[in-house]
Amino acid sequence: MTFPHLDGEIRDGRHHMQIRVYYEDTDFSGIVYHANYLRFMERGRTNHLRLMGAEQCALFEQAQQESPGFAFVVRSMAIDYLRPARMDDVLDVVTWPVVVKGASITLAQEVRRGDEILVKAQVRVAFISEGKAHPIPKSLRLLMKADVI
């Protein structure tokens, strides 16, 4: 079940999800602790996948039949911290696919406050089945390529 108000929305091929910064997200200086941006971006990737299609459950069931025990895992990430966020800021986590290959997807992500980009990242996510790299099932690959800009 999706809750659009919680999962964000897809606009112009990009997933947008808002997050409020809470005290627990900050360090002793009152700015967002650097590792928490990774959590914010993970939520963005998860919700992007959730909102990609109404038939997502059926696609994942099909993928499970083709590749038992499958999972997406972060293979690599390049991240630039440009500006700090502070408690009570409302941030927009933006996610979009850049490259979809046989067994991996590269996503671009930004964390913004209004028009200001605070953090930029490129994330390569690999598809594994039973602990080994495996081609992304056709049904999922087609769905993900549909959003590539």
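Reader: What order do the elements run in from the N terminus on?
Author: They go α-β-β-α-α-β-β-β-β-β-α. The chain has four helices and seven strands, where helices (H or I, at least four residues) and strands (E, at least two) are DSSP runs numbered from the N terminus.

Reader: Ok, and what are the ground rules here?
Author: This is a predicted model, where local features need pLDDT of at least 70, side-chain atom pairs count only at pLDDT 80 or more, and totals for chains, interfaces and linings use all residues. Residues are numbered from 1 along each chain as its sequence is written, and side-chain values use heavy atoms, with hydrogens and water left out.

Reader: How many salt bridges does a search of the whole structure find?
Author: Seven. A salt bridge here is a side-chain nitrogen of Lys or Arg within 4 Å of a carboxyl oxygen of Asp or Glu.

Reader: Which residues are linked in a network of them?
Author: Arg-83, Asp-89, Arg-113 and Glu-116. Arg-113 pairs with Asp-89, with the closest N and O atoms 2.7 Å apart. Arg-113 is in strand β5 (residues 104–113) and Asp-89 is in the loop between β3 and β4 (90–100), so this pair ties together parts that are 24 residues apart in sequence. Glu-116 also bridges to Arg-113, at 2.8 Å between the closest N and O atoms.

Reader: Is Asp-89 buried or exposed?
Author: Asp-89 is buried, at 16% relative accessible area. The cut-offs: buried is under 20% relative accessible area, exposed is over 50%, and partly exposed is in between (1.4 Å probe, protein chains only). Arg-113 is partly exposed at 24%, and Glu-116 is partly exposed at 29%.

Reader: What does Glu-42 form a salt bridge with?
Author: With Arg-45, the closest N and O atoms being 2.6 Å apart. Glu-42 counts as partly exposed at 38% relative accessibility, while Arg-45 counts as buried at 11%.

Reader: Switching topic: which residues make the nonpolar surface patch?
Author: Leu-38, Val-74, Met-77 and Tyr-81, covering about 320 Å². Patches take residues with over 30% relative accessible area and no salt bridge, joining like charges within 9 Å and nonpolar side chains (Val, Leu, Ile, Met, Phe, Trp, Tyr) within 5 Å. Areas come from the Shrake-Rupley method with a 1.4 Å probe, and for residues only the protein chains shown count as cover.

Reader: Which strand gives the largest share of it?
Author: Strand β3 (residues 70–81), with three residues. Tyr-81 is placed in β3 and is partly exposed, at 39%.

Reader: And Lys-132, where's that?
Author: In strand β7 (residues 132–133). Lys-132 is exposed, with 63% relative accessible area.
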